[in-house]
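Q: I have a structure open and want to go through it piece by piece. Can you take my questions as they come?

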Amino acid sequence: NWYRKAAAQGYPAAQTNLGHMYANGQGVTQDYVLAFSWFSKAAEQGFAEAQYNVGLLYIDGKGVSLDKRQAFSWCRKAAEQGLTAAQADLGVMYDNGLGIASDDRQAVIWYRKAAAQGDADAQFNLGAMFANGLGVARDEPQAVNWYRRAAEQGLAAAQFNLGLMYANGQSVERDLNKAVDWCNRAAEQGNVGAQKLLGMIYFRGDGVPQDYVQAY
């Protein structure tokens, strides 16, 4: 009720919050069309969070026709204002050619911006770019660095990749205890690669006591 009163007076933060309420069905019946309408009003005033949410609705085709180019355009507007989540998603868009031609270098630029602000997914994706030499010179120590940052925030994919690098001694001293530790963290979150690697390590007794029960 109060968000609506402020939104009706053109206050972009209230318009954005009202958009969230409609998108999530909080206090009102869920309605993506109205969510899009309120997000759009705020986005047109340059409110970054609203711009990003307009982009998300375009990419999901919720409340509006799916349009990847419009999704890219609005996410870019929000990213250019420094919104971390938008920067991370813009990197994904450049990485995968969503709404724009694929461009690894641009993907790295945007991943780096979001990663520097602490976004775990961007840190992981930046690590992968360094690991594979995509859009940047291949640099495994940098890959380890970014995987570690994301892993320490609890991102399972990063925990597994870091564990794998310890298991293989890739740009770190081979350390199966650390490999097991990081893979355990990822495996407990359901990461299939980590579960498989742990099973192999325990089956072979590679750096840990052989344990067929744990392997199983």
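Q: How many disulfides does a search of the whole structure find?
A: The search finds zero disulfides, a disulfide being a pair of cysteine sulfur atoms within 2.5 Å. The model is a predicted one, where local features need pLDDT of at least 70, side-chain atom pairs count only at pLDDT 80 or more, and totals for chains, interfaces and linings use all residues. Residues are numbered from 1 along each chain as its sequence is written, and side-chain values use heavy atoms, with hydrogens and water left out.

Q: Is C75 buried or exposed?
A: C75 counts as buried, at 1% relative accessibility. Buried means under 20% relative accessible area, exposed means over 50%, and partly exposed is in between, using a 1.4 Å probe and protein chains only. C183 is buried too, with a relative accessible area of 0%.

Q: Which residues does Q51 contact, neighbours within four places in sequence aside?
A: They are A43, G46, W74, C75, K77, A78 and Q81. Contact means heavy atoms within 4.5 Å.

Q: Where is Q51 placed?
A: Q51 is in helix α4, residues 48–60. Helices are DSSP runs of H or I with at least four residues, strands are runs of E with at least two, and both are numbered from the N terminus. Q51 is buried, with a relative accessible area of 4%.

Q: New topic. Which residues of the largest nonpolar core touch the most other members?
A: V54, L90, L126, Y147 and L162 do, in a core of 70 residues. The largest share of this core comes from helix α8 (residues 120–132), which gives eight residues. A nonpolar core is a set of buried Ala, Val, Leu, Ile, Met, Phe, Trp, Tyr and Cys residues joined through side-chain atoms within 4.5 Å.

Q: And what does L90 touch?
A: Not counting residues up to four places away in sequence, L90 touches F72, C75, R76, A79 and W110.

Q: How many salt bridges are there?
A: The count comes to four. The rule asks for a side-chain nitrogen of Lys or Arg within 4 Å of a carboxyl oxygen of Asp or Glu. One of them joins E80 and R76, at 2.8 Å from N to O.

Q: Where do E80 and R76 lie?
A: Both lie in helix α5 (residues 68–80), four residues apart, about one turn of the helix. E80 counts as exposed at 52% relative accessibility, whereas R76 is partly exposed, with a relative accessible area of 24%.

Q: What about D181 and R185?
A: Their side chains meet in a salt bridge, 3.0 Å from N to O. D181 and R185 are four residues apart in helix α11 (residues 176–187), so about one helical turn separates them.

Q: Last one, α10. How many of its 13 residues are buried?
A: 10 of the 13 are buried, so α10 is largely enclosed by the rest of the structure. The buried ones include F160, L162 and Y166. Their cover includes α8, α9 (140–152), α11 and α12 (192–204).

Q: What comes after α10?
A: G169 follows α10, and the phi of G169 is positive, near 65°.
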